[in-house]
Amino acid sequence: MNRLPLLVAVACLATAACERKTVVITVPQPTPVAEPTALAEPVAKTKTLETFRLGSAVDSYEREPTAEHHATVKKALAALDGEIAELEALVAKRTGEGRQEAAAKLQNLQTYRTAEMARFTAAQGKAPLVESSSPDARTGADKVGDAAKRTGRSIEDAARRTGDAIKDAVR
């Protein structure tokens, strides 16, 4: 039984495996440089449907500042303001632990709203100026004439309603 070649092979493998040197290369981590004008996205400590919608609306407005997204942000802000008003009423009504819980939620939502409003305002400042609707190309005389026609129609309608009311009263 020739075990000698097997022992020699095992000894060579063990010796080769022990001689492996580990080289550690340290790479310095680049320090992130934030833009001085960029605001970090706020994180709501109290998560509600209103906070989610507001965050999504401001994100959409930042990506594409259109009138539609602007209106969506305004609507989401109004919904969050409604939630804040409800919590203010609860804080006024409740006592004890219920009041503390409502007050904490109220503070969280107010802080989140302030941060999102700041982010929205910054996004508005970065948005390109959009030209308003095209100016009315009619002449001043045309505009005055149209206004006079509308006024005349409303006077006729009022006279007609008054006459009908008098006829009904006489009958």
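Arg119 counts as buried, at 2% relative accessibility. In this predicted model, the side chain of Arg119 meets that of Asp59 in a salt bridge, with a distance of 2.8 Å from N to O. Arg119 belongs to helix α4 (residues 96-126) and Asp59 to helix α2, so the pair ties together parts that are 60 residues apart in sequence.

A second residue of helix α4 to be considered is Glu116. Glu116 is buried, its relative accessible area being 0%. When neighbours within four places in sequence are left aside, Glu116 is in contact with Pro42, Leu54, Gly55 and Val58.

The arrangement of the two helices that carry Arg119 and Asp59 was examined next. The axes of α2 and α4 come within 10 Å and cross at roughly 10°. Because angles under 35 degrees count as roughly parallel, α2 is roughly parallel to α4. The crossing by which α2 passes α4 is left-handed. On the α2 side, the residues that take part in this contact are Thr51, Leu54, Gly55, Val58, Asp59, Tyr61 and Glu62; they meet Leu109, Tyr112, Glu116, Arg119, Phe120, Ala123 and Gln124 in α4. Sorted by class, the contact of α2 with α4 has seven nonpolar, three polar and four charged residues.

Helix α2 (residues 49-63) also packs against helix α3 (residues 67-93), at an angle of about 160° and with the axes 9 Å apart. Angles over 145 degrees count as roughly antiparallel, and α2 and α3 are therefore roughly antiparallel to each other. Here, too, α2 passes its partner α3 in a left-handed crossing. Glu50, Thr51, Arg53, Leu54, Ala57, Val58, Ser60 and Tyr61 are the contributions of α2, and these meet His69, His70, Thr72, Val73, Ala76, Leu77, Ala79, Leu80 and Glu83 in α3. By class, nine nonpolar, five polar and three charged residues make up the contact of α2 with α3.

A search of the whole structure for salt bridges finds six. One of them links Lys105 and Glu101, whose closest N and O atoms are 3.5 Å apart. Both residues of this pair, Lys105 and Glu101, lie in helix α4, where they are four residues apart, about one turn of the helix. Lys105 counts as partly exposed at 34% relative accessibility, and Glu101 likewise counts as partly exposed, at 45%.

A further salt bridge is formed by Arg160 with Asp157, with the closest N and O atoms 3.1 Å apart. Because Arg160 and Asp157 are three residues apart in helix α5 (residues 140-170), about one helical turn separates them. Arg160 is partly exposed, with a relative accessible area of 49%, while Asp157 counts as partly exposed at 34% relative accessibility.

Notes. Residues numbered from 1 in each chain as written. Predicted model: local features only at pLDDT ≥ 70, side-chain atom pairs only at ≥ 80, totals over all residues. Heavy atoms only, no water. Axes fitted to C-alpha atoms, helices over the stretch in contact; angles between N-to-C directions. Parallel < 35°, antiparallel > 145°, perpendicular 65-115°, else oblique. Left-handed = near helix turned anticlockwise from the far one by under 90°. Contact = heavy atoms within 4.5 Å. Nonpolar A, V, L, I, M, F, W, Y, C, P; charged D, E, K, R; others polar. Salt bridge = Lys/Arg side-chain N within 4 Å of Asp/Glu carboxyl O. Buried < 20%, exposed > 50% of the residue type's maximum accessible area, 1.4 Å probe, protein only.
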